[in-house]
Amino acid sequence: MTWLRSGSRELLLAAVIIGLSLIFGLLNSQFFSVAHLFGIGRSMVVIGLLSLGLLLVLITGGIDVSVSATAVASMYITTVVLLEVDFHGPFLVGALLAGAVGACFGLVNAVLVTRLRLPSLIVTLGTLTLFRGGLLAFVGTQRLRELPAQMSEFSSSQLFTVTSGVRPATFHVSVLVFILVAVAAAWALRSTSWGRSMYAVGDDDEAAKRLGVAVTRVRVTAFVLAGTLAGLAGIMSGALNRAADPYTIVGMEMDALAAVILGGAAVTGGRGTVLGTVLGVALITMVGSSLVLVGIPTAWRQLFVGLFLLLGVALPALRQRRIARARGIVEAA
Amino acid sequence: MTSDPAAVTSTAVPAVEVRGVRKTYGTVQALVGVDLTLRPGTVHGLVGENGSGKSTLTKIIAGVVTPDEGTIAFHGEPVDAVDPRSAIQHGVRVIFQDLALFPNMTVAENLTFEGERPLLRPVSRRVMRRQARSALDTLELDLPLDARLGDLSTAERQLVAIARTVSSEARIVLMDEPTAALTHQEIARLLSTVRRLSDQGLSFVFISHKLREVVSIADDVTVIRDGAVVSSGPAADYDQDRISSLMTGGVVENTHRQRPARTGQPPVLEVSGLTLSSSFHDIDLALHEGQILGLAGLVGSGRIEIGLAIVGLVRPDRGEVRFHGRRLTDRRADRRLQYVPDDRVTEGLYMDWSIADNVIVNNLSDALGRGRTLAPTKVVEVGDQWRERLRIRTPSVQHPAASLSGGNQQRVLLARSLAPGPEVVVLNNPTVGVDVGSRADIHNLIRDAADHGTAILLISDEPAELLAVCDEIAFVQDGRLTDQRPCAALEEQELIDIVGQGGRT
């Protein structure tokens, strides 16, 4: 019962995804090919990791729009460092390094937000530009086509290959990484003290403080983890694209925000689930990568992201209004 | 209650010992050197008027507010710099006056939330539900575990806040006005649970406006006034009359105001069939020139919403409000109707603005100079007039409102509402967080406004306030007006009894 009610957003999203799939499938049978579906999965990885990080921050009542800049900066810095030292070890080291660099960027956000008590939207708007600007000014502006050996190798690491259709459909390892991260995040949010504290801080930080929650520490972990996941998203993006491009990922923070909000997270904090976020990511990615199949120019993608974002905030707002009406509260004119 | 308090005092280590606690907020002295000894396994009644410092003291013991001076020991163990974590680890559990619950969480999640746990400790949903169920069982409550807290009524939320404190690890429970929204039956059940748990060794600090509750449950009583302890001792030494005279410091207000006759005059404001299905039903009220009508009811009974609907801040489903027999198109915009909120800080004053600017904000026409623009000197002039009339204590009306004490801020709020010369004023708990002296002054100001012809609707949680100020009192129970009586024929206890009947079963 309650699962149904609290999960209504997830059910709604699932229904929309299935409905749209049927429409896409009817318009172009290519949609249901294994290759296309695996392709969607692959496209979900980068925006998905960004979204999960953003979800954590939103649950605590903050926002982090700098995740895209963190991702690209972490990716580029890591690549440059690995090339510099002529690294030949496993890709895992590169991934960990990118995560660590991302964590540092996250920490910068966390310190600015918690120490200076600044609104996180303004801080991360600032750092969004700062991180990217710093990257271009101090690290480099060149697109690097020669990646470290293990990184280019990762780009073709397929978990398995299905050869049913015309061309073989491949399931990329990075999709598994995203699934594992999502499962871990879902578990941590649902079933650890930390997860419960995240929701508590976002719901009512004064109440959380009075019940002994280390509010600042919880907020810091949210930003640092968002940075870490962004770093991971960055390195995945670099590997998947087989190039370290300082101009990539830009603007993806809006896609991620749309996905998380569409997934039921509240900008006011205290609400949001991993399942909802993953479904939001799936919907946005599916629409984005299927437009071509049904003959809509890819340029329309942005339009849909904007619509999704507004829809995501409008749904709970309309519900709120209905409740407020029932309570007779008069809106300001 | 039956044991000899003196014998226990000499042997047992106090559950809480507070010594010389002092706390100042800006210019306001909230506590001026308070001592409190909570004996283990007893109930300690803490009483004082609004703003006397009870809640501040509770928050200091809970570690939420840091005192400027003074020491606190739990079970004989001194704790320097109590913070919420150390208090919780010493077994302190609190029902805060504002409840401090999480609206987006379920009842079960609220009941079992523990903030001081190591961050990576796993939480089992099953264990959580079992603990929540047992907490509700202890209080013989039946609430839906999976309901979102924000969807519950005020009374249900208060019960959740109470249930949250009776976990297995609680040793000291601080209850700040735990019964404000509860009916007689619910209160009786709560008091018997408190008695049972204190017999099992739990120690309670019990704060309530309702002196009869305090007298019936407490083993010891401490009375505070304006931030200082004025009396403390075994409950046997106190009765309700003694406590109330200690609370007010002997300031007795002339109760039962003599209302000027209003024979046959049509009412200024007439409310008929006013209904807001989620809050109140079929409200009929008439306010006459110069009349002060009180609105009494439990927290959550709908009495505040009725007041808001009358001034147009809440839109009712049905019914109408007539002003001099006519319906007004927009009551919010009409300066002849004024509303004075209970929360000065967030709903009332512009804290950063000057006192004078706050006073004239509803009545700019009084401060216009040549060219029909605001004249700064006029603004100050008008501000000064009101400073004198309401005796606002400030060196200059050009200082920000935030520089004033609670009582003086309340006067500014009153000045703002009275400045346009309104015909109807709805007041919501006008003396919350105000010291005893200012309180009597504010009551006089309200009476004075009524004497000049203003019709006043006074919503208050304080029985004494209603009796001191009003001509008549209307009772709200579960969203319905059940009775209206002249104050002259009402005693305080009777008033409390009528209010506490509630409307719920």
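Two residues count as in contact here if their C-beta atoms, placed from the backbone, lie within 7 Å. With that in hand, start with chain A: residues 24 or more positions apart account for 78% of its contacts with a separation of 6 or more. Keep in mind that this is a predicted model, where local features need pLDDT of at least 70, side-chain atom pairs count only at pLDDT 80 or more, and totals for chains, interfaces and linings use all residues. Residues are numbered from 1 along each chain as its sequence is written, while chains are lettered from A and ligands numbered from 1 in the order in which they are written.

Chain A has 14 helices and two strands; these are DSSP runs numbered from the N terminus, with helices being H or I of at least four residues and strands E of at least two. Its radius of gyration is 20 Å, close to the 20 Å that the globule rule gives for 333 residues, so chain A is as compact as a globular protein of that length. (That radius is taken over C-alpha atoms, and the rule is 2.2 Å times the number of residues to the power 0.38.) Of those 333 residues, 47% are buried, where buried means 20 or more other C-beta atoms within 10 Å of the residue's own, exposed means 12 or fewer, and partly exposed is in between, with C-beta atoms placed from the backbone.

Now zoom in on a helix pair. Helix 4 (residues 67-84) and helix 6 (residues 120-139) of chain A pack at about 25°, with their axes 8 Å apart. The axes are lines fitted to C-alpha atoms over the stretch in contact, and angles run from 0 to 180 degrees between N-to-C directions. Helix 4 and helix 6 of chain A are therefore roughly parallel, a label for angles under 35 degrees, with over 145 being roughly antiparallel, 65 to 115 roughly perpendicular and the rest oblique. Residues that meet include A:Tyr76 and A:Ile77 from helix 4 and A:Phe131 and A:Arg132 from helix 6.

Next, the chain partner. On the chain B side, 32 residues are in contact with 26 residues of chain A. Helix 3 of chain B gives the largest share of that side, three residues.

Most residues other than glycine have a negative phi. B:Asp226 has a positive phi of about 45°, and sits in the loop between strand 9 (220-225) and strand 10 (228-234) of chain B. B:Asp478 has a positive phi of about 50°, in the loop between strand 19 (472-477) and strand 20 (480-486). B:Asp226 is partly exposed, whereas B:Asp478 is buried.
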